[in-house]
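Thanks for coming. Please look at the structure first.

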Amino acid sequence: MTDKTNLLELDPEGLTTFFSELGEKPYRATQVIKWIYQQGVTDFSRMTNLSKVLREKLTNTARISLPKIVTEQVSEDGTRKWLIRVDRQNCIETVFIPENDRGTLCISSQVGCPLDCDFCATAKQGFSRNLGLHEIIGQVWLANEALGHFRTGERLISNIVLMGMGEPLLNYDNVLSAIRLMLSDHAFGLSRKRVTLSTAGVVPGLKKLARDSDVSLAISLHAAHDELRDKLVPINRSYPIVTLMDAIRIFAEHHEGDTITFEYVMLEDVNDSIEDARKLAKLLQDLPAKVNLIPFNPFPGAEYKRSTLESINRFREILMNAGIITITRKTRGGDIDAACGQLAGQVVTRAHKFQGNQVGNAV
Ligand code: SAH
């Protein structure tokens, strides 16, 4: 069983190669992608437009194995959070956030996270490993199934954000392959504007992404000067703000006309002063930037407090007056710990802190 190829570990190109090695035509890959990602079929015998011989061949050489949903929690605001088992020891979390005009799926890219941001619950869990392609795209598949999409055809997931557990740019190849499947018309068929990769600022990965993909970008900035950012987002010590801004400019040049979102968690008396807002406005002034202010979501043991509504509004005013579109993110799913930065899963830590040299291996 285990030496059979799990087709969920192959992106469209990989599947085409797999079928050619079986002596089959490339369009077979497209047929199978449609069965898996559009119809939700994981049983080869049900793939009725494949010949009987091919179905048997597939049964003998391949499998379609998904991670498993362990629990589902539904918030009073309709947000759903799934705990998903990816191996014997580890679980990740995936969140669905329904709104009037859209449904956003927030997916994880790693088991835990090595970046150790000071205000994030995932960081406190430590880091175990990168997720495989099957585990990343598997979250989208499982959420679609849990929401009834394969039965009803109703599309509840209109947007996908890589804002769950982990740093997507430290798992570059698998994340890019998963994005290809999200965008492929034969698979989930989402528009590139509706798929957002969020990064804390892994500069080599960001420069590569600028060339490789045209998804939307979000940057977890949280501070507009290095002294504070070094503490809040420690990867800033490897890639300080000027270096990050240069990489963002390269991305912007490759994606003319697109807006880049800057996420800024509002921490009381830490990064929410008038002075902070002015610095942020100055930093972003010549970029196609939009700011998302995220009221801090507490978790057990957190040392920070959420900024008051008054200081959030004041901060927003300053940015808006500087001509920067600024939105305060509504906190969703707080009652089930599904809000930004509250995802914890079950992580058996193998390495805790980020080390600069990991980047070289990962991108
Ligand atoms: N590593 C990537 C993907 C995670 S996205 C990144 O950093 O962008 C998760 C978002 O939620 C990030 O912007 C993160 O900084 C923010 N966040 C983390 N902890 C939070 C908390 N306790 N309250 C509010 N937002 C938080």
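A polar side-chain atom of His222 is 2.6 Å from an oxygen atom of the ligand. Ser198 also puts a polar side-chain atom 2.6 Å from a ligand oxygen. From Cys340 the contributor is a backbone N or O atom, 3.3 Å from a nitrogen atom of the ligand. A polar contact here is a pair of N or O atoms within 3.5 Å; within protein, one must be able to donate a hydrogen and the other to accept it, and residues adjacent in sequence count only if both atoms are side-chain atoms. On its own the ligand has 540 Å² of accessible area, and the protein covers 95% of that (Shrake-Rupley method, 1.4 Å probe; for residues, only the protein chains shown count as cover).

This is a predicted model: local features need pLDDT of at least 70, side-chain atom pairs count only at pLDDT 80 or more, and totals for chains, interfaces and linings use all residues. Residues are numbered from 1 along each chain as its sequence is written, and side-chain values use heavy atoms, with hydrogens and water left out.

Which residues come nearest to the ligand? Of the 22 around it, they are Phe119, Ser198, Ser220, His222 and Asn297 (near means a heavy atom within 4 Å). The shell divides into 12 nonpolar, 8 polar and 2 charged residues. Nonpolar means Ala, Val, Leu, Ile, Met, Phe, Trp, Tyr, Cys and Pro; charged means Asp, Glu, Lys and Arg; the others, Gly among them, are polar.

Where does the ligand sit? It sits in the largest cavity, meaning that more than half of its atoms lie within 2 Å of the cavity's grid points. A cavity is a set of points, on a 1 Å grid over the protein atoms alone, where a 1.4 Å probe fits but cannot get out; a pocket is an open set with protein on both sides within 12 Å along at least five of seven lines; lining residues have an atom within 4 Å of a point.

The largest cavity holds about 510 Å³ of space; points are joined across faces, edges and corners, and a volume is the space filled by probe spheres set on the points. Of its 30 lining residues, Cys120, Met163, Gly164, Ser220 and Gly341 are closest to the centre. By class, the lining has 17 nonpolar, 9 polar and 4 charged residues.

Finally, the largest pocket contains about 1000 Å³ of space. Among its 37 lining residues, Arg102, Thr104, Val161, Asn292 and Arg329 are closest to the centre.
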